[in-house]
Amino acid sequence: MAKPSFIRAEQPLAPDLAADRTVLSGGATSRRRDIVFVVNPRGANGRTGKEWKKLLPYLRSRLGSDFNICESLTSGPCHAIDITREAIRESADAVIAVGGDGTLHEVVNGFFWGGKPVSINDHAVPTTALGLIPLGTGSDFARTFGWKNDPHDAIERISKGIRSRIDVGVISGDTGEPHYFINVADVHLSAKAGYYASRYKKFGNMCYVIGALQAFFGHYNQDLRIKVDNGNWKVYPQVTALCVGNAKYFGGGMKITPNAHPSSRNFEVVILQDFKWYDFVLKLHKLYNGTHLSVKNVSSISACAIQVEEIVSSNNVFVQSDGEYLGFLPKKFSILPGAIEMIC
């Protein structure tokens, strides 16, 4: 297979990073397969790019004899989506997200186009797998699998090549294209906290604490109308936060949906109602260790689809997925069982 045309950034990069944005090992032969590494060099305040450069010699030595190692540095928001789509259309063996949950989120969305999985020549079923080398601010998705935040361990997983089908969540609204998520989607206070946290990534995991504190100012619990699967609409009064988990962790290690797993073929939906600021202070340790389901005003639901809307529209109930802001209610969250093959 020829060197893919997508192995380049769309905008100029710093010289020290631009020098490495090419195929990093060997010419292609019929026996060698392409692995595309999608790197966010500016992630974690530039730490991702620096650590990636240090990792390259080991990656070459471990994988270079079996694969064409292709690197593509992202140049801005949504670039990873475009890179992934082209890699799939070029029949890459795998696309590896290098960075945090934000980069992984974009790569996952790159597996889809127009509400359907990306196809090869508009008809062939793609065989491209998803992989992850965690190097960003947050690596919450990796925690569900018990993976250490160690890129060398991730490269060993890629070398072994063990694959498993995982579920993907899809979010649809009244307008616009569907949006996909692999980890946790959430509504209201936690989503607002995530929105603010994204402004403080330079503080590392402290950004989640700062975002939560800012979100509390002016926050009001909301009565929401919820429909689970094909059931009837039900009113949930004074909702503080609603979390739709395809995996277990978000917010820098908070085990918010402790029973969720990406191979379970359903979501765990956790709803917090009538929480005050002091409830979070007193019960924060339970939220982090996943023992909060026994707390008063916390409920858990297993669902393949859930629709959420306001009873009285305010256009102020935030929605996010995998830490990415997606606007406001109403939204429908649905599961796509076994939608992606992942290296794990």
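The model is predicted: local features need pLDDT of at least 70, side-chain atom pairs count only at pLDDT 80 or more, and totals for chains, interfaces and linings use all residues. Residues are numbered from 1 along each chain as its sequence is written, and side-chain values use heavy atoms, with hydrogens and water left out.

Start at helix α3, residues 79-89. Helices (H or I, at least four residues) and strands (E, at least two) are DSSP runs, numbered from the N terminus. Of the 11 residues of α3, 8 are buried, so the helix is largely enclosed by the rest of the structure. Buried means under 20% relative accessible area, exposed over 50%, and partly exposed in between (1.4 Å probe, protein chains only). The buried set is His79, Ala80, Ile81, Ile83, Thr84, Arg85, Ala87 and Ile88. These residues pack against strands β1 (33-39), β2 (67-73), β3 (94-99) and β4 (112-113), and against helix α4 (101-110). Contact here means heavy atoms within 4.5 Å. Just after α3, serine 91 takes a positive phi of about 65 degrees.

Now the aromatic rings. Rings of Phe, Tyr and Trp (its six-membered ring) pair if their centres lie within 6.5 Å; planes under 30 degrees apart count as stacked, over 60 as edge-to-face and the rest as tilted. By this rule there are 14 aromatic pairs. One of them joins phenylalanine 37 and tryptophan 52, tilted, at 5.6 Å centre to centre with 40 degrees between the planes. This pair links distant parts of the chain: phenylalanine 37 lies in strand β1 and tryptophan 52 in helix α2 (residues 47-63), 15 residues apart. Both phenylalanine 37 and tryptophan 52 are buried. Phenylalanine 318 and tyrosine 325 form another tilted pair, 5.7 Å centre to centre and 50 degrees between the planes. Phenylalanine 318 is buried at 8% relative accessible area, while tyrosine 325 is partly exposed at 37%. Tyr195, Tyr196, Phe318, Tyr325 and Phe328 form one aromatic cluster.

Charges also meet rings. A charge sits over a ring if NZ of Lys or CZ of Arg is within 6 Å of the ring centre and within 35 degrees of the ring normal. Arginine 89 places its charged end over the ring of tryptophan 113, 5.9 Å from the centre. Arginine 157 lies over the face of tryptophan 147, at 3.9 Å from the ring centre.

Last, methionine 254. This residue is in the loop between β11 (233-245) and β12 (267-273). Methionine 254 counts as buried, at 14% relative accessibility. Not counting residues up to four places away in sequence, methionine 254 touches Lys248, Tyr249, Leu284, Leu287 and Tyr288. Methionine 254 and aspartate 140 are 114 residues apart in sequence and 8.4 Å apart in space, C-alpha to C-alpha.
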